[in-house]
Amino acid sequence: MNFDLSDSDKNRVAAVAEVVAGSDYPATATAANDATACGNVLRKGTLLLSAAGHLASSDNAERAVGTMAAMAALAEHDAKCYLPLEMSARVVARFIDTFGTADQKKRYLAGLLAGKTLGALALAENTMNVVNDPLSATATAQGNEYVLEGAKNHVVNAACADLFAVVATLEGEPAAFLVERETAKLSIQAGAPLPGGGLAGCGSLHLEGCSVATEAMIRPSGKQGLLEHLRIWENEVLVAGALGRMQAALAEAQAHAREHVTGGKPLIAYQEVAFKLAEMLTLTQTAQLMAYKTAWLTAAGDRESAVFNACTKVFCTEAAERVSSEALSILSARGLSADCPAQVSYQQVKYTQVAGTSNEIARVMIGDAEM
Amino acid sequence: MDFSFTREQDMFRKEVIRFARKEIVPRVEEHDLKGTFDFESFRKMGAFGLLGLHLPEKYGGSDADVVTTVMAGEALGEAGVDGGLTLSYGAHTFLCADTLFCHGTEAQREKYLPGLISGEQIGCMGLTEPDAGSDVASMRTTAEKRDGSYVLNGSKIFITNGPIADVALVYAKTDPTKQHEGISAFIVEKGTKGFSAGEPLKKMGCRTSTTSELFFQDCEIPEENLVGQEGFGFLMAMQTVEWDRSALLAPMVGAIRHTLDKSSGYAKKRTQFGRPISHFQATKHKIADMRIFYESARLLVYRIAWCKEQGRPLNHLEAAVAKLYVGDWSLKPNNDAVLIHGGYGYCHEYGMERAFRDGRLAPIGGGTSDIQKKIISKLM
C-alpha cells in the first residue's frame, strides 16, 4: 500500500503545467469556430505534450496513476484542449496501441502521438449511450473490404479529426474500423461546440456504403469486450477531466477567498465560506483517490475494475459539479465572467456526467454488479 | 501509488469477519434492545487478539501494523458487529490503552496494558466536559498537586465505557490559568475514593456502548498516575486523532459494506409488482450510491492509516478530511438502507434501523463535522 504519488508522477504533473504555461503552447482563443484552426491548435498541443512525455503509454498500474494525475493537470490548466486532445491521443491511440495490428500501429500510432494525426472515436449513435440501444451501424464483408452503413453522433473532434475509429456491428458482434477522413461516402457534420468553450465540437458521421480495407478492422479478443474497453478508457478521460476542472475551481475559489476583502476581512474569515472550501477540498481529495485507484485497477486488469470505474465516474463527475457550483457562490460577481475557470468548470462538468457511460447507466451497472 | 493489501492482511480480514459472525453478531440484537454492554463479546475480542492488535507482544499484543489494525475494525463492521461495541473497542484500545502505551512509564504500561489487552479490564478516556466539547481548552476539571498526590475535582460527560471502565485516562487542568498548555493526563482506577460514574446515558444509537458522566470530588490519586509530563495532555489527546480517524472510522465504513450486502440480499428476495425490487432502477441507484460511498470512504480511512504507518507526524488534514467525509456523507447510504427495506427497515429485526441510529454518531462523536471543516479550512 502506498498513497503517495511518486516523484516521477509529480514530475509528470509539473511537466504538463509547464508545457501549457510555455510560450510555445498554442493559444485557443480564436480557434473556437474554425475547424482548421482548432485542428492546428490540437496538433501543436499534442506535439508539445508528447515531447514532455505526457502521452507515453500507461502499461503498468504505477504508471497509470501518474497518467491520471497528469491528465487531470492538463484539464486543470487547459480546459479548452483537454477533451479533444485526450480523446485523440489517449482513447484512439490507446485503442490502436492495445488492439491494433502491427500495420495499423505503424501507420497511425506515431502520427496520433505526435499530433500529425487527430483521432476521433465514433461510438455513440442517436443517444450517447451504447448500453440500452444496440448499435445500428453495420459492417458487411465484401471481398477485401468492409462496407459501413449507418450514422454516428456525438463524435468529439468530428470537425477536425483525420482518423475515425468507427464502431459498428459485424456479424452480430461489435468491431471497430479505422476510417480516414477523406474516405469516399463518409460525410461529416461538424456540430455545435460543447458547453464551456472547449475546442471539441460534437459532430456526426454518415456512412452510406463507405468501404474500408479489411486491414482497417480491429476486434479485440478476451474477456472484456470492445465496447467495455472503450467505455472504460473514455470514462477515464472524463473522470480526469472532471477532476482537473474540480481542482481548477477549488484553486480559484480558494485564492479569491483569501484575497477578496469584504466587511473589513477576507472572505475566508467568514465561517460559511471557510466551511464551503473545506467541503470542496474534501470532495476533491476523495475524487483524486478514486480517480487514481480506478486507473491503477484498470491497468492491473483487476476483475473489479469495470465496477470501480463506474463508481469513480459517478463520484468524480458529480463531485465536480458540486465543487464548481460552490466555487461560483464564493466567487460571486467574479464568477459571472465567461473566462472564469470555475464557470468553465461548471459548464463543462455536465458533459462529463452524460458522456461515456452516463451516470444513470453507471449506477444501474453498479447496482447490477452488487445484486 | 499502490492500493493493494498484502495476502496476509486479506486473510486476516476474512478471519476477523468469521470470528465476529460466529462469536459476536448472534448477541448484537439482544444487547442493543437492552442497551447493555456485551462483556462476553468484549472478552472474546481480547482472547482473539483484537484489543491490543497493534501493541507489543511483551504486553500481550500482536505488534500488528497500522493498516492491519484498521482493517480489523473494518472487518468487525463488515461482519455486522454493531456500532456500540466497535465504539467501546475503539475508546478502550486507542483512546485509553494506546495513550498509556505511547506516553506512560514502563511501570504504568506493565501494570495496565496486559489487563486492557486481554479484555479483563476495560478502559475509557475522560476528556469532554459539559462546557468543553470541541473547545477542549475550556475544561474546568482540575488536578491540584498536593504532597505526592494529585487531587481531581470536576466532571466529564459523554464518556464511552464510563460506567464499566476499570481504568480511566482522565484529562484535567494542572494549571487552570493556562489554556491547552495547562492540561495533563492521569490514570484513575475504578473504586478510587471521590471518583464515580453516572448512570448510563440513554442514547439514540450505539446503545451497547455504555456512556456516562464521570465525577471527581476531591479524588486523590498518587502522583505516579500522571501520564507523561504535566502540561502535555492536550498534545497527547491530539495524537489519538489519527487512530480516531482511521481505526474508529473503519468500523463505520465496514458497517456500510454490511448494510449494502444486507440491502442487496433483501432487494433480490423482496417481490413487488410481480418482480424483485432489485429489478427497479431506483433500488439499483440506491445500492450504487451505497457502494460508491463505501469505496470512497474506504480510501480516505486507509490513507490516514497508511500515513500513520509511515510515521508521519500528525496528519491533521488527512484525518479531518476522512472524518468529515465519513461523518457527513454516510448519512445517505444508511438512510437508503432503511428505505430499501421499507417497513422492515423501520423494525428492529433487520438491523437497518440500528445501523441508521448507530451511524448518526459519525458526524458528532470525536469532533463534529463543523470542527473538521474548521480544521480543514485553517490548513488550506
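Me: A crossing is left-handed if the near helix is turned anticlockwise from the far one by less than a right angle, and right-handed if clockwise. Which hand does the crossing of H9(B) and H12(B) have?

Reply: H9(B) passes H12(B) in a left-handed crossing. This is a predicted model: local features need pLDDT of at least 70, side-chain atom pairs count only at pLDDT 80 or more, and totals for chains, interfaces and linings use all residues. Residues are numbered from 1 along each chain as written, chains are lettered from A and ligands numbered from 1 in written order, and side-chain values use heavy atoms, without hydrogens and water.

Me: Why are H9(B) and H12(B) called roughly parallel?

Reply: Helix H9 (residues 250-269) of chain B packs against helix H12 (residues 331-346) of chain B at about 30°, with the axes 10 Å apart. Roughly parallel means under 35 degrees. The pair therefore counts as roughly parallel. B:Ile256, B:Thr259, B:Lys262, B:Ser263, B:Tyr266 and B:Ala267 of H9(B) make the contact (heavy atoms within 4.5 Å) with B:Pro333, B:Asn334, B:Ala337, B:Ile340, B:His341 and B:Tyr344 of H12(B). By class, this contact has 7 nonpolar, 4 polar and 1 charged residues.

Me: What makes H11(B) roughly parallel to H12(B)?

Reply: The axes of helix H11 (residues 316-329) of chain B and H12(B) cross at roughly 25° and come within 5 Å. That angle makes H11(B) roughly parallel to H12(B). B:Gly327, B:Asp328 and B:Trp329 of H11(B) touch B:Leu331, B:Lys332 and B:Pro333 of H12(B). The classes here are 3 nonpolar, 1 polar and 2 charged residues.

Me: How do you know that A:Glu370 and B:Arg291 meet in a salt bridge?

Reply: A salt bridge needs a side-chain nitrogen of Lys or Arg within 4 Å of a carboxyl oxygen of Asp or Glu. The side chains of A:Glu370 and B:Arg291 come to 2.8 Å, N to O, and pass. Across the interface of chain B and chain A the rule finds 7 salt bridges. Over all chains the count comes to 42.

Me: What ties A:Arg107 and A:Glu180 together, and which parts do they lie in?

Reply: Their side chains meet in a salt bridge at 2.9 Å, N to O. A:Arg107 lies in helix H5 (residues 102-114) of chain A and A:Glu180 in strand S5 (residues 173-180) of chain A, so the pair ties together parts 73 residues apart in sequence.

Me: What area is buried between chain B and chain A?

Reply: About 4,200 Å² (accessible area, 1.4 Å probe, lost on being put together, summed over both), with carbon and sulfur atoms giving 69%. B:Met1, B:Phe3 and B:Met380 supply 23% of the area that chain B buries against chain A, more than any other three residues. In residue terms, 41 of chain B are in contact with 41 of chain A.

How values were computed. Axes are lines fitted to C-alpha atoms, for helices over the stretch in contact, and angles run from 0 to 180 degrees between N-to-C directions. Helices (H or I, at least four residues) and strands (E, at least two) are DSSP runs, numbered from the N terminus. Angles under 35 degrees count as roughly parallel, over 145 as roughly antiparallel, 65 to 115 as roughly perpendicular and the rest as oblique. Ala, Val, Leu, Ile, Met, Phe, Trp, Tyr, Cys and Pro count as nonpolar, Asp, Glu, Lys and Arg as charged, and the others, Gly among them, as polar. Buried area is the accessible area (1.4 Å probe) that two parts lose on being put together, summed over both.
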